[in-house]
Amino acid sequence: TAMNKFYSFLKGKDLRIVDEIARDFFNKELKAHINMATASTLEDHRKLGRRILIASNAPEFIVRYVAEFLRAHNYLATKFEISNGVYTGRVTGDLMYNINKSKAVSNFIATQRLNHRALWVYTDHISDLPLLEIAKNKIVVNPDRKLAKLANKLKWKTIYTS
């Protein structure tokens, strides 16, 4: 597939080295871009006893550090095949995108025996529409143009951060 070709740069890379690079990237670059209001909102949810699940199309080796920093209980992300401690360059399973993300979240909710109707979804992209459709609580944050238009039409809560 196209995504396997895109991620083929991982082929032959040692798992530990990729993890080191991902950790350094998170700590030196990505962490500074995490909106602290978002982190505070997640903390408010946690104080109310809600489980925090991050679902992202980003590579698992990056999302893991984001989830750890935000103190999420669980995360779902795009995974990559590993053989003998090295990446093969192929995606394992489905990309965590669009309907696949919605299915993965629904499956997670079912297997964890969580209340599906209590689901809160925060997103910024129209590709998460299938996920928004299953959520009782829909919040769009810094949405792309298509999602902003839809959120306005359907009167979904919209948050803009700087």
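User: Accessible areas here come from the Shrake-Rupley method with a 1.4 Å probe. On that basis, what does the accessible surface of the protein come to, and how much of it belongs to carbon and sulfur atoms?
Analyst: Keep in mind that this is a predicted model. The accessible surface comes to about 10200 Å². The share of it that belongs to carbon and sulfur atoms is 54%.

User: OK, what radius of gyration does the protein have next to a compact globule?
Analyst: There are 162 residues, so a compact globule would sit near 15 Å. The C-alpha trace spans about 50 × 35 × 30 Å along its principal axes. The radius of gyration of the protein agrees with the globule value, at 17 Å.

User: How are the rings of Y7 and F80 arranged: stacked, tilted or edge-to-face?
Analyst: By the ring-pair rule there are 6 aromatic pairs in the count. In the Y7 and F80 pair, the ring centres are 4.5 Å apart and the planes make 65°. Planes over 60 degrees apart count as edge-to-face, so this pair is edge-to-face.

User: Which parts of the chain does that pair tie together, and how many residues apart are they?
Analyst: Y7 is in the loop between α1 (2-6) and α2 (15-30), while F80 belongs to strand β2 (residues 74-83). The pair therefore ties together parts whose separation in sequence is 73 residues.

User: Is F80 buried or exposed?
Analyst: The cut-off for buried is under 20% relative accessible area. F80 has 8% relative accessibility, so F80 counts as buried.

Conventions:
Residues are numbered from 1 along each chain as its sequence is written. This is a predicted model: local features need pLDDT of at least 70, side-chain atom pairs count only at pLDDT 80 or more; totals for chains, interfaces and linings use all residues. Side-chain values use heavy atoms; hydrogens and water are left out. The radius of gyration is taken over C-alpha atoms; the globule rule is 2.2 Å times the number of residues to the power 0.38. Rings of Phe, Tyr and Trp (its six-membered ring) pair if their centres lie within 6.5 Å; planes under 30 degrees apart count as stacked, over 60 as edge-to-face and the rest as tilted. Helices (H or I, at least four residues) and strands (E, at least two) are DSSP runs, numbered from the N terminus. Buried means under 20% relative accessible area, exposed over 50%, partly exposed in between (1.4 Å probe, protein chains only).
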